[in-house]
Amino acid sequence: MRALRRAAVLIGTVVALLVVPVAVAQAHPLGNFTVNHYAGLTLRADGVDVLAVLDTAELPTVQQRATVDTDADGTVSPAEAAAHAASECAARVVLTSIAVDGATIPLTVAASSAEFPVGEQGLATTRVTCRFTGPADLSAPAVVVYTDGFRVDRIGWREITATGDGVRIAASDVPGASTSQELRAYPEDLLASPLDQRSARIEVAPGRGSAGPLAALPPTGVGWLDRVLGQAEDVLSGLAARPALTPVVGTLAVLLSLLLGASHAMLPGHGKTIMAAYLAGKQGTRRDAVVVGAAVTVTHTAGVLVFGLLLVAVAAFAPLRAMMWLGVVSGLLVAAVGAVLLRTAVARRRELAAVPAAQRVGVLVGVGVGGARTGHGHGHGHGHGHGHGHGHGHAEDRWSRASLVGMGMAGGLVPSPTALLVLLGAVNLGRTWFGVALVICYGLGMAGTLTAAGLLLVSVRDRIARMERTRAWRDRAGRFVGVLPVATAVLVLVVGIGLALRSLSGV
C-alpha cells in the first residue's frame, strides 16, 4: 500500500505539472532547429534604415559553437560576441536587397551586436541584431522593394514590417508593427501557419501617416493535444535542466520522457505506427509485437545519439535535411514491407483458390501473415496445408520477422527533436548518462504504444478465431478471406510510398 501511495503521488504530481501553467517559457515554439528572421524597415525622405534580427534556436547554436567560441574555453567573451555579430551582419547585408523604382541602393552596416539568451535545457540561443542603412530619394512618390536572401535554406519565422519617418506609406503588403515583438514572443495562434515573408513592396508618397493597418491574419489555432504536449516538453526541459538532480526530479523526468515518447508515436500522420501494429497483430504472437517495440527503441535511441554527435562535431551537418532524407528511407522501408506482403498475399490467394470455401477461413486464421504456421498447425488436419507448410515455412518465417523489424525501424528511424534537445542539454550540464537514459525512456514510450497496439490486434485476431467456429460466420466471411490480405498489403505499400513522397517534397 505504501508503494501504491508513492506511485499515486508521483502520477498526481506529473498531472498537476501538466495542468497548472508553468514558468518555463518555450523559447522557440516553432522548433529547436529554426533560424528566425525579422526585418524592420524605416523609410525616410533621404534613405532607408533596416533593423535586421536573426534569432537562432538551441540546436543550430550548438552547431556554430566552435565558430563563435574561437579560443574553445567554453565561454563566449565580449570580443568573440562582437566578432560573430560583425561576421553575421556582413554576410546578411550582402544578401539583402532594396530597390527604389527598380534601382538597387547600396547598404552598409551601421551597427551590430550579439547576445546568447539561455533557452531550453540550459542551452544557449543566439540573437544577432544588425542595423543597415542606405541612401535613397523618397521625397517624391516611389516604390520600394525589399528582399531577404539570407539563409533561405533554413526554416523558421520570417517577418518584415515597414514604417514611414517623414514620408507617407500609401500602400504596403507588410504591416507596420511586429506581431512577434521583433522575435521575442511568437503569437500562439499563428504557430500552425508561421509567417514566411521574404520580400516586401511598399509605395511611399510625401507627407505623414500610412494607408492603415493590414487586415489581421486569420488565426489558425493550436490543438489541445499540441498544447498539452508542448507544456509537457516545457516541464521536462525544466526538470532536466535543474542544477540539483534529486530522485524525485529524476523520476518525474523519466515518467515524462515515457509519456512524450508514447504520445509522439500516436500523433496524426504516423502511418508507420498503424502499419507496425497491424503487422504485429496479424502475425499472431505477442513476441512479435515486442519485436516491433524493441526495434523502435533501439533505432530511435541510436538515431538520437548519432544526431547529437554530428551536431556537436560537424558544423556543416544539416539536421533538418538529414531528417527529411530519413523520412524518405522510413517510407521506403514501409513500402518494401508492403511489397513483400503483397507478393505473399497474392501467392496465398492462389493457394486458397484450391481450398473448399468452408475451409478457407480456418486456413487464413491459422496462417496470419507468415504462412508457416498453417503448414504445421493445420497440416495434419488438411493434407493441402501440410504440403505447403513444409515447402515455404522457413522462408516465410524469415520474411515475416524481417518485415516486423523493418516496420519497427521505420517507426523509430527519424529522431525526435525533443529527445535530441534533452540529450544535448544533459551533456551541457555534464549529465551525459542521464540524457542517454531519458532518450532510452523516450524510445521505450514509443515502443510501448506500438506494442500495445500490436497486442490489441492479437487479441482481436484471437476473438475472430473463436468466431470462425460458427458455421454462419464462416459462410459469410469465406468470400472475403482471400481479398483481405491483398487489401491490407496494398494499404501498407500505399502508406509507405505516401510517407516517402511527403518527406521527399520537403527535401
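Here is a tour that starts with the whole chain and then goes to selections.

**Before you click**

You're looking at a predicted model, where local features need pLDDT of at least 70, side-chain atom pairs count only at pLDDT 80 or more, and totals for chains, interfaces and linings use all residues. Residues are numbered from 1 along each chain as its sequence is written, and side-chain values use heavy atoms, with hydrogens and water left out.

**Stop 1: the whole chain**

Color by secondary structure: the protein chain has 16 helices and 10 strands. These are DSSP runs numbered from the N terminus, with helices being H or I of at least four residues and strands being E of at least two. Of the 507 residues, 46% are buried. Buried means under 20% relative accessible area, exposed means over 50%, and partly exposed is in between (1.4 Å probe, protein chains only).

**Stop 2: the disulfide**

The structure holds 1 disulfide. The link of Cys89 and Cys130 is left-handed, at -85 degrees about the S-S bond. What does the pair tie together? Cys89 is in helix α4 (residues 78–94) and Cys130 in strand β6 (residues 126–135), so the link joins parts that are 41 residues apart in sequence. Both ends are tucked away: Cys89 is buried at 1% relative accessible area, and Cys130 is buried at 2%.

**Stop 3**

Two strands pair if DSSP finds at least two bridges between them. Within this pairing, find Asp49, which stands opposite Thr133 in β6. Then select strand β5 (residues 108–115), joined to β6 by 7 bridges and running antiparallel.

**Stop 4: an open sheet**

Next, pick out β4, β3, β7, β10 and β9: in that order, these 5 strands form an open sheet with antiparallel pairing. β4 (103–104) and β9 (167–172) are the edges, each with a single partner strand, so one side of each has no neighbour in the sheet. Zoom to β3 (residues 96–100) and β7 (residues 142–148), which pair over 5 bridges. Val100 stands opposite Val144 in β7.

**Stop 5: the nonpolar cores**

Show Leu41, Leu43, Val50 and Leu138, the residues with the most contacts inside the largest nonpolar core, which has 33 residues. Such a core is a set of buried Ala, Val, Leu, Ile, Met, Phe, Trp, Tyr and Cys residues joined through side-chain atoms within 4.5 Å. Leaving aside neighbours within four places in sequence, Leu43 is in contact (heavy atoms within 4.5 Å) with residues including Val48, Leu138, Val144 and Ile202. A second, separate core of 32 residues includes Val304, Leu420, Leu421 and Leu450.

**Stop 6: helix α8**

Finally, go to Thr299 in helix α8 (residues 286–313). Thr299 counts as buried, at 14% relative accessibility. Not counting residues up to four places away in sequence, Thr299 touches Met409, Gly412 and Leu413.

Notes:
A disulfide is a pair of cysteine sulfur atoms within 2.5 Å.
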